[in-house]
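Trainee: I am new to this structure. Please show it to me before we go through some of its parts.

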Amino acid sequence: MPCQDVLALTASKNLSFYARDMEFYYKEKRAETLPGILRTFDAQNVLYDRQKQLTLAAFLAETLKSESTARQTLLAQVPTLSRDGKRTLAWAVHLAQLTDEAALMSQLLDQRDTVLLQQIRQNPTPLLQWDITSEKTVLQMYWAAYTASGNVAYLDAIIDAALRYADLNSSGRQNDPAFPVSQTAAASLYEMSPRHEAVQSRVEQRLKGLSGPQAETLRTVLRK
């Protein structure tokens with residue numbers, strides 16, 4: 001791989017693609033930590049930011065689907081949440097495809113959130129229907145969903161985006177609208193693979209049978 005491409009991936013070392021608390025959950029899978037994760041984000045006053053709001057929402061949505069106690073413990077936090085905290089939980093409810101979504105929205109949102117509610121309803125579910133190369137926020141949502149669930153479908157979508165970067169870069173199509181996020185997907189894999197055995201193992205599996213720029217990109221991710 002050309003030197004500039006290696007440097008592009010190496011630059012990812014200073015990027016944070018998901019929160020420390022999410023990584024802890026990924027490693028330990030302790031459901032009792034979920035309310036604390038939500039409260040911590042809310043107390044830090046970072047959920048006004050759309051990117052952080054949607055990233056946490058994607059994470060919480062996966063826990064709502066997979067953890068039997070998550071619904072009760074997370075919804076119990078509603079009275080103490082800020083408006084942004086409630087809006088984040090509303091997104092999570094939608095992404096989790098809960099059957100009583102409409103009733104829960106009435107608890108989480110008020111008349112000031114009419115536009116937000118329209119936005120929520122206009123976005124598809126499940127999350128895997130969101131275009132990962134459309135913007136970096138969606139890429140981060142995929143990482144968050146993966147850390148919450150371990151669902152390899154999210155990881156494969158990130159790897160697919162990295163392979164798209166390889167194709168676009170090798171063919172000189174750096175001006176393609178999908179290029180920036182695809183490049184960031186490759187960079188995120190470069191950062192995550194050495195930190196998590198499951199990520200590294202999946203990248204190694206996907207490398208088998210590949211050749212050319214795609215193989216070189218995954219070898220760089222794996223530091224081979």
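**Contacts and helix packing**

Mentor: Leaving out residues up to four places away in sequence, Arg206 touches Asp156, Ile159, Asp160, Leu163 and Leu218, where contact means heavy atoms within 4.5 Å. This is a predicted model, in which local features need pLDDT of at least 70, side-chain atom pairs count only at pLDDT 80 or more, and totals for chains, interfaces and linings use all residues. Residues are numbered from 1 along each chain as its sequence is written, and side-chain values use heavy atoms, with hydrogens and water left out.

Trainee: Which side chain does a polar contact of 2.5 Å join to that of Arg206?

Mentor: Arg206 lies in helix 12 (residues 197–207); helices are DSSP runs of H or I, at least four residues, numbered from the N terminus. A polar contact is a pair of N or O atoms within 3.5 Å, and within protein one must be able to donate a hydrogen and the other to accept it; residues adjacent in sequence count only if both atoms are side-chain atoms. At 2.5 Å, the partner is Asp160.

Trainee: Is Asn45 buried or exposed?

Mentor: Asn45 sits in the loop between helix 3 (34–43) and helix 4 (50–66). Buried means under 20% relative accessible area, exposed over 50%, and partly exposed in between (1.4 Å probe, protein chains only). Because its relative accessibility is 55%, Asn45 counts as exposed.

Trainee: What separates the C-alpha atoms of Asn45 and Ser82?

Mentor: Along the chain, Asn45 and Ser82 are 37 residues apart. Their C-alpha atoms are separated by 8.7 Å.

Note on methods: Helices (H or I, at least four residues) and strands (E, at least two) are DSSP runs, numbered from the N terminus.
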